[in-house]
Amino acid sequence: MNNLTHLSFLQIGSNRLSGNLPQDVCLGGLLSYFGALDNYFTGPIPKSLKNCSRLVRLRLERNQLNGNISEAFGTHPHLYYMDLSDNELHGELSWKWEQFSNLTTFRISGNKISGEIPAALGKAPRLQALDLSSNQLVGRIPKELGNLKLIILELNDNKLSGDITFDVASLSNLERLGLAANNFSASILKQLSKCSRLIFLNISKNRFTGIIPAETGSLQSLQSLDLSWNSLMGDITPELGQLQRLEVLNLSHNMLSGLIPTSFSKLQSLTKVDVSYNKLEGPIPDIKAFREAPFEAIRNNTNLCGNATGLEACAALMKNKTVHKKGPKVVVFTVFSLLGGLLGLMVCFLIFFQRRRNKRLMETPQRDVPARWCPGGELRYEDIIEATEEFNSKYCIGTGGYGVVYKAVLPSEQVLAVKKFHQTAEVEMTTLKAFRSEIDVLMCIRHRNIVKLYGFCSHAKHSFLVYEFVERGSLRKVLNDEEQAAKMDWDKRINLIKGVANALSYMHHDCSPSIIHRDISSNNVLLDSEYEAHVSDFGTARLLMPDSSNWTSFAGTFGYTAPELAYTMKVDEKCDVYSFGVVTLEVMMGKHPGDFISSLMFSASTSSSSPICHNTLLKDVLDQRLPPPEIKPAKGMAHVAKLAFACLQTDPHHRPTMRQVSTELTSRWPPLPKLFSTMELEDIQVHRNVIG
């Protein structure tokens with residue numbers, strides 16, 4: 001790589017390159033953006049970066065870089081994003097952190113960094129995401145971290161110890177806290193209850209003692225809680241039953257005792273639970289997460305019972321306890337009493353059965369309808385048929401390539417959306433047949449940005465899916481409605497895009513096995529009364545199994561499908577990523593961006609050199625029905641635009657994963673680079689190459 005002295009932007013991404021990084025990348029002092037992630041580069045970080053004061057964004061993660069990190073950096077007042085994770089760097093973070101006054105994100109996990117966490121980190125006032133996981137850090141967490149407005153703090157897998165010396169409540173913006181696999185031994189701080197925005201909390205594999213404080217129940221945003229492999233004791237606090245959004249709970253390998261609180265029956269969003277290796281007893285909660293938990297998740301307790309694999313039924317357990325306590329005479333008396341009672345029950349059952357049989361003979365016989373309903377629900381085939389008057393057109397609220405959607409109001413006043421499939425041989429033989437084997441998994445999905453699936457019914461006359469009803473309907477419908485589109489301001493649109501990204505990230509990375517949607521479009525994104533996004537329509541979704549990476553049946557909506565599907569039928573997560581990019585631009589522009597994307601592709605294919613940016617003003621891309629955004633939403637929209645273009649890369653290998661997109665969107669917007677911050681909105685240009 002020659003003549004690098006005048007570059008302001010250098011991206012070497014995901015090309016499996018090896019060797020040393022060029023040491024003269026910043027000799028001219030002009031470099032602002034440098035990315036060389038996902039390669040096999042070795043050797044030290046380029047020495048010229050130390051004097052690169054204009055640096056704004058640096059991404060060197062997932063390489064094999066080595067060398068001492070201590071002297072690698074100098075003064076970087078404009079740097080706001082730095083990721084050096086998953087390399088082999090060593091040394092201490094002994095930098096003058098006040099020289100990183102603009103830094104918002106710093107990730108250096110998966111290296112060999114030693115020493116203590118520097119107290120001077122508190123002098124990086126804008127730091128919001130800090131990930132020092134999987135290193136060799138020792139000592140305490142410095143109290144100076146309490147001065148920061150952190151959103152993400154990941155310190156997992158180090159050798160940290162002691163108490164947390166600052167008031168955790170000062171981190172009121174904290175959404176993700178990871179302290180797992182360290183040597184912390186103090187009791188769990190009650191101050192955590194004041195971190196009302198916490199979504200993920202992991203303090204597993206430490207030496208935490210004491211009880212689980214009742215205040216934990218006030219963390220209403222919590223979705224994942226891992227307290228496993230500690231020395232917690234006493235009863236499980238019933239206040240945990242207040243965590244209505246909780247999806248993952250791990251209390252295993254502690255010394256917890258007593259009954260599992262009955263309040264756990266309220267945890268309807270819970271999908272994964274582990275209470276193994278404690279001293280718990282009594283019945284397990286009657287919710288799906290416990291009923292379907294593998295034996296490994298409930299084993300090695302004192303006397304748990306209930307309807308789950310490997311557990312004894314509670315009635316049988318109580319009976320055995322009673323028998324062991326009584327003498328032989330009492331046992332004989334009990335047995336005869338039970339036999340007499342059983343005989344009486346059989347007589348009552350025969351009378352009841354005969355009456356039911358006579359009643360059915362007098363009524364019109366009902367057809368047996370194969371169906372799967374969500375556990376605990378009150379859904380019945382007959383109620384849905386009655387609510388839609390056997391799918392009368394007056395209840396129709398939408399149509400699609402696979403079926404028609406109806407609104408159904410049940411006698412209980414529950415409102416549902418019912419998607420009735422077109423009865424064609426192709427649908428019957430492919431979609432419905434495949435869906436029957438997947439429906440149980442899909443009904444377990446609980447995510448705030450994914451439409452809940454309540455059931456599936458397959459019948460010769462009517463085959464349909466039953467979803468929750470989402471008030472405003474599809475994103476496409478809202479964008480085509482002038483009045484509703486005008487009410488969907490820039491903040492709502494940014495939040496909408498975040499929601500879709502979070503849903504896809506959950507499907508791709510948090511479901512097991514992964515789920516590919518295959519038909520992401522504005523028609524399959526539904527909006528509720530607050531304009532929050534809910535991804536819908538799993539009629540074409542398939543579980544990503546090891547033997548099904550190549551699907552021969554084409555799926556998707558024209559204008560949203562990835563370009564590689566024109567010459568191959570291989571469908572993977574990157575197809576969803578491309579479709580997400582199209583939907584993101586559609587939200588920004590207020591209309592389908594087909595012509596705009598075509599012009600970008602044409603200019604890229606006809607240009608003699610790869611242009612760094614396409615000369616399109618940001619204000620010309622945004623929906624003209626809304627007033628131009630103020631500076632804060634403008635920063636957000638500029639950031640979103642860059643991510644959208646990354647998702648629309650022609651080569652799927654160059655597209656980010658949805659987890660990466662979701663992480664970028666969930667972080668607070670970084671300050672605009674100098675290129676943007678010194679210009680008015682009218683002068684901001686849309687970059688085709690995403691920084692990072």
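**Overview: the whole chain.** The protein chain has 14 helices and 35 strands, where helices (H or I, at least four residues) and strands (E, at least two) are DSSP runs numbered from the N terminus. This is a predicted model, in which local features need pLDDT of at least 70 and side-chain atom pairs count only at pLDDT 80 or more, while totals for chains, interfaces and linings use all residues. Residues are numbered from 1 along each chain as its sequence is written, and side-chain values use heavy atoms, with hydrogens and water left out. Of the 692 residues in the protein chain, 51% are buried; here buried means under 20% relative accessible area, exposed over 50% and partly exposed in between (1.4 Å probe, protein chains only). Take the contacts between residues at least 6 apart in sequence: 54% of them join residues at least 24 apart, with a contact meaning heavy atoms within 4.5 Å.

Close-up 1: S31 and S33 (residues 525-527) run antiparallel and are joined by two bridges. Look for serine 474, whose bridge partner in S33 is leucine 526.

**Close-up 2: the buried face of H13.** Helix H13 (residues 658-666) buries Met658, Val661, Ser662, Glu664 and Leu665. Seen down the axis of H13, these residues fall within an arc of 160°, so they line one face of the helix; the arc is that of the directions from the helix axis to the C-beta atoms. The cover over them includes strands S5 (57-59) and S6 (81-83), H8, and helices H9 (573-589) and H12 (631-647). Valine 640 belongs to H12 and is buried, at 1% relative accessibility. From valine 640 to leucine 665 is 25 residues in sequence and 7.6 Å in space, C-alpha to C-alpha.

**Close-up 3: H9 against H12.** These two helices pack at an angle of about 145°, their axes 8 Å apart. On the H9 side, the contact takes in Val577, Tyr578, Phe580, Gly581, Thr584, Leu585 and Met588; they meet Met637, Val640, Ala641, Ala644 and Cys647 in H12. By type, that contact has ten nonpolar residues, two polar and no charged. In this count Ala, Val, Leu, Ile, Met, Phe, Trp, Tyr, Cys and Pro are nonpolar, Asp, Glu, Lys and Arg are charged, and the others, Gly among them, are polar.

**Close-up 4: two loop residues with positive phi.** Most residues other than glycine have a negative phi. Arginine 62 isn't a glycine, yet its phi is positive, at about 55°. Find arginine 62 in the loop between S5 and S6, partly exposed at 29% relative accessibility. Glutamate 389 also has a positive phi, near 50°. Its loop runs between helix H4 (381-387) and strand S26 (396-399), and glutamate 389 is partly exposed, with a relative accessible area of 41%.

Definitions and conventions: Two strands pair if DSSP finds at least two bridges between them. Axes are lines fitted to C-alpha atoms, for helices over the stretch in contact, and angles run from 0 to 180 degrees between N-to-C directions.
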